[in-house]
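Subject: Structure handover

Hello,

Here is the structure I said I would pass on. My notes on what was found in it follow below.

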Amino acid sequence: MERAGEVSSAAGNGNGNGDVRRSPSTAPSARVSIWESVRACGIWGKEVDKAELRRQVVMPLHLRRAVAAAVAAKDEAAGVAAASAAKEGAGDGEKDEGPTVAPLVVFVNSRSGGRHGPELKVRLHELITEEQVFDLSVVKPSDFVHYGLSCLERLADQGDNCAKAAREKIRIVVAGGDGTVGWMLGCLSDLYKMKREPVPPTGIIPLGTGNDLARSFGWGGSFPFGWRSAVKRYLSKAATGPICRLDSWQTVIQMPEGEIKELPYSLKKVEPADRLEISQGNGTEFSEKASCYKGVFYNYLSIGMDAQVAYGFHHLRDEKPYLAQGPVANKLIYAGYSCTQGWFCTPCTASPQLRGLKNILRLYIKKVNCSEWEQVQMPSSVRSLVVLNLYNYGSGRHPWGDLKPEYLEKKGFVEAHSDDGLLEIFGLKEGWHASFVMAELIKAKHIAQAAAIKFEMRGGQWNRAYVQMDGEPWKQPLIQDQSTILEINKVPYHSLMINGEQ
């Protein structure tokens, strides 16, 4: 199969941080994260000099105060006024530094990482400045994009060369899990739509449970044991690391009637005015009476038993938050909960809700440079279908596997990359099969590679299916004699990631 995109097209992203490189093609082992945590202790963090780090990443006083004020007031004019006040203060003896090599803005999810979130925020204040660190429980990424960056752009238009350089070179660091990183990337993508490039690249301090995005771009799979000294190294890598591309995938769901209850953050209802834009972008045809939803994912989308387990786990954690005190506790609860859902011990035919997906789902794909949908037969034993964009899934596992050239040629596949315009589709059978796949003893059931995907779902004896997108699950209502359509198409621009593997 031919790849959907070429490396040279990255130049079209217009980022001022340097050349965009090909995303890594090899999958780090899931077992590397323990070594990474040990390696990040002590001496590894001390390699970075604090004064040199500040020289690299701290913005001039008037700019960081301007950005902070604009975001707090949700008004770029307030930021401009703060910049003027800071410059006047500099004349009275307050020092205003010159242009920064690679200005960083850090967003911390203080609810991630157990107790580490709040402590990390304090540590970041010590290492850089309070004005360049935002708590996501207080500030939304969209506020920074719409007001903070706009303030820098306005100052640049007024002839401030430091503001112009900062806007061109600024980089983002997200301290959180995959969901938090996806939230940030989604807000940054608005810059493409508003034609406000360059788009800042994003680095990661992994605070989540799975951290598959962090693993895929060399940031590690867990928060290190010696984190206080390791934070300096994270910031240094974010300032100097090369930039890679990441495909983004838009999901559009059309329901003949009804609504999705308990709508996850990753999905939003499509208003009538937005339908034309989506249709023009990827050719999706909308029914006038259908209820429509859209969302974007960066890692994976899955349908079936694994999404059902994730849905139950999320509800259990919300009802009893004291059970989830960190990544290890979360994984233990998740494993225990999966044993109660019938994936291991209940035959597929015992209940309509536990049958193979073939009973409710038809799969269609478009290959590269093809405009027609092609139906792909679903194996009858598959109870969970996963659409994968990254190498990592389920806390660093690699279910697609490192396939040999002969096998790739035989199946019509190409080597998987996170920026190749293709998605890998694989299936998991009963829980034992999924366990062996996650233990990397066997590979998942390879089904297809595709440049676009369409699922057609009908309820039959089922009145719902379970779906999850980048770890956010929901209950998808189904109707017996009418089809619910879930269509996946590539977003026309790439997200930009900083490669932390140095």
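**Aromatic pairs**

In this predicted model, the count of aromatic pairs comes to 10. A pair of aromatic rings is described by the distance of the centres and the angle of the planes.

One of the pairs is formed by Phe107 and Phe144, with 5.3 Å from centre to centre and 75 degrees between the planes, which makes the pair edge-to-face. Phe107 belongs to strand E2 (residues 104-108) and Phe144 to helix H7, so this pair links distant parts of the chain, 37 residues apart. Phe107 has a relative accessible area of 0% and is therefore buried. Phe144 is also at 0% relative accessibility and counts as buried. Ring pairs also bring in Phe134, giving a cluster of Phe107, Phe134 and Phe144.

Another pair consists of Tyr192 and Tyr493. The ring centres of Tyr192 and Tyr493 are 4.6 Å apart and the planes are at 15 degrees, so this pair is stacked. Tyr192 sits in helix H10 (residues 190-193), while Tyr493 sits in the loop between strand E19 (484-490) and strand E20 (495-498). The pair therefore ties together parts that are 301 residues apart in sequence. The cut-off for buried is under 20% relative accessible area, so Tyr192, at 10%, counts as buried. Tyr493, at 18%, counts as buried by that cut-off too.

**Helices H7 and H8**

Helix H7, which carries Phe144, covers residues 141-157, and helix H8 covers residues 161-169. Two packed helices are described by the angle between their axes and the distance between the axes. The axes of H7 and H8 come within 7 Å and cross at roughly 140 degrees. H7 and H8 are therefore oblique to each other, and their crossing is left-handed.

Which residues of H7 meet H8? On the H7 side they are Leu149, Leu152, Glu153, Leu155 and Ala156, and they meet Ala163, Lys164 and Arg167 in H8. Of the residues in this contact, 5 are nonpolar, none is polar and 3 are charged.

**The chain as a whole**

The protein chain has 502 residues, and 57% of them are buried. The chain contains 17 helices and 20 strands. Among contacts in the chain with a separation of 6 or more, 80% are between residues 24 or more positions apart.

Regards

Methods: Residues numbered from 1 in each chain as written. Predicted model: local features only at pLDDT ≥ 70, side-chain atom pairs only at ≥ 80, totals over all residues. Heavy atoms only, no water. Axes fitted to C-alpha atoms, helices over the stretch in contact; angles between N-to-C directions. Helix = DSSP H or I, 4+ residues; strand = E, 2+ residues; numbered from the N terminus. Parallel < 35°, antiparallel > 145°, perpendicular 65-115°, else oblique. Left-handed = near helix turned anticlockwise from the far one by under 90°. Contact = heavy atoms within 4.5 Å. Nonpolar A, V, L, I, M, F, W, Y, C, P; charged D, E, K, R; others polar. Phe/Tyr/Trp six-rings, centres within 6.5 Å; stacked < 30°, edge-to-face > 60°. Buried < 20%, exposed > 50% of the residue type's maximum accessible area, 1.4 Å probe, protein only.
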